[in-house]
Amino acid sequence: MLYKTYLNRLSKAALTVGFSTCSRATNEAFLCEMLHVHAQSHKTMAKTKFEYVRQFEADDTCLQNCWVVVRLDGRNFHKFANLHDFRKPNDERALRLMTRSALTVMEELNDIVIAYGQSDEYSFVFKKKSNWFKRRASKFMSHVVSQFSSSFVFYWKDYFKDQALLFPPGFDGRVILYPSNQNLRDYLSWRQADCHINNLYNTTFWALVQQGGLTNSEAEEKLKVDESVDKKVITPDAPEGKNVVVKRIRKKVLPFHVDIIGDKFWEEHSEILADDS
């Protein structure tokens, strides 16, 4: 349609410069030649002195014969969940929306063979021999993240009904390569184990808060573990030492999704750097 419109305009121009006696076929042949010359001119013009800037583009081609995994995470989703009144410990609406967005990614990008998600993250596995966009890491990541983000916003109303989307959500992504099938299975196992650990802690934590009436700080303190150990102690009445039961508090390792660049985190957890003071 655009070609015909352009051809008609050139035909009118040709008539004004003396081609009125030529046949339609002759005119069209002449105009086609003009179009070809015009295209060649543009191609030549693109080769300018400024083209050298393309040399600054990094070569981000993924290694051949490796599984390409793109993992995306919600950016600052703790704040996003609070402001949008996500239900604790798990919001079924949010989880289903994440899955719907992931389905859209898989439907649009055919080289994805499996995807695994939990909470605000999703991992997408591309075929080991995929040559999609010449295996450029930036293309893998940007297409997955953009498709997922737009789908999350597009399908929001289907899951949150009257809950308005207060501001656009953000997702970041990374590309990881795994050379063997076992590496890939171990990666997915790692993510699922992480899901189980987080879910167990979160379910217990929010049960203490919502059903037990504890504050967040009290619930966190409650989940610390008392550990009893046998320790040999030397005393005046037992110079060779004797075994006594010693109780100590062993802090539970917990996942945090916080800013560790600013001062707040380090002020609240000064014990981390205490030995280096």
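1. Strand β3, residues 121–126, is mostly covered, with six of its six residues buried. Buried here denotes under 20% relative accessible area, exposed over 50%, and partly exposed the range in between, with a 1.4 Å probe and protein chains only. Strands are DSSP runs of E with at least two residues, helices are runs of H or I with at least four, and both are numbered from the N terminus. Glu121, Ser123 and Val125 point to one side of β3, while Tyr122, Phe124 and Phe126 point to the other, and all are buried.

2. On the basis of the note: this is a predicted model, in which local features need pLDDT of at least 70 and side-chain atom pairs count only at pLDDT 80 or more, whereas totals for chains, interfaces and linings use all residues. Residues are numbered from 1 along each chain as its sequence is written, and side-chain values use heavy atoms, with hydrogens and water left out.

3. The pairing of β1 with β3 is antiparallel and has six bridges; two strands count as paired if DSSP finds at least two bridges between them. Within this pairing, Leu72 has Tyr122 of β3 as its bridge partner. Strand β2, residues 112–118, also runs antiparallel to β3 and is joined to it by six bridges. Here Tyr116 is partnered by Ser123 of β3. The hairpin of β2 and β3 has two residues between the strands, and Ser119 takes a positive phi near 50°.

4. Strand β1 is largely enclosed by the rest of the structure, because eight of its eight residues are buried. Trp67, Val69, Arg71 and Asp73 point one way from β1, and Val68, Val70, Leu72 and Gly74 point the other way; all are buried. Strand β1 also pairs with β4, residues 171–178, in the antiparallel sense over eight bridges. In β4, Phe171 stands opposite Gly74.

5. The structure holds nine salt bridges, a salt bridge being a side-chain nitrogen of Lys or Arg within 4 Å of a carboxyl oxygen of Asp or Glu. One of them joins the side chains of Asp73 and Arg174, at 3.5 Å from N to O. This pair links distant parts of the chain, with Asp73 in strand β1 and Arg174 in strand β4, 101 residues apart. Asp73 is buried, with a relative accessible area of 13%, whereas Arg174 is partly exposed at 38%.

6. A further salt bridge is formed by Lys127 and Asp111, whose closest N and O atoms are 3.8 Å apart. It links distant parts of the chain: Lys127 lies in the loop between β3 and α5 (137–154), and Asp111 in the loop between α4 and β2, 16 residues apart. Lys127 is partly exposed, with a relative accessible area of 38%, while Asp111 counts as buried at 18% relative accessibility.

7. Arg191 belongs to helix α7 (residues 181–210) and Glu121 to strand β3, and the two are 70 residues apart. Both Arg191 and Glu121 are buried. Salt bridges that share partners also join Arg71, Asp73 and Arg174 into one network.

8. Aromatic rings of Phe, Tyr and Trp (its six-membered ring) pair if their centres lie within 6.5 Å; planes under 30 degrees apart count as stacked, over 60 as edge-to-face and the rest as tilted. By this rule the count is 25 aromatic pairs. Among them is the stacked pair of Phe126 and Trp132, with 5.7 Å from centre to centre and 20° between the planes. Both of these residues, Phe126 and Trp132, are buried. Ring pairs also link a cluster that includes Phe77, Tyr122, Phe124, Trp156 and Phe171.

9. Two charges over rings deserve mention. A charge sits over a ring if NZ of Lys or CZ of Arg is within 6 Å of the ring centre and within 35 degrees of the ring normal. Arg100 lies over the face of Tyr155, 4.3 Å from the ring centre. The charged end of Lys157 sits over the ring of Phe154, at 4.9 Å from its centre.

10. Helix α4, residues 92–108, contains Ser101. Ser101 is buried, with a relative accessible area of 0%. Ser101 and Ser150 are 49 residues apart in sequence, and their C-alpha atoms are 8.3 Å apart in space.
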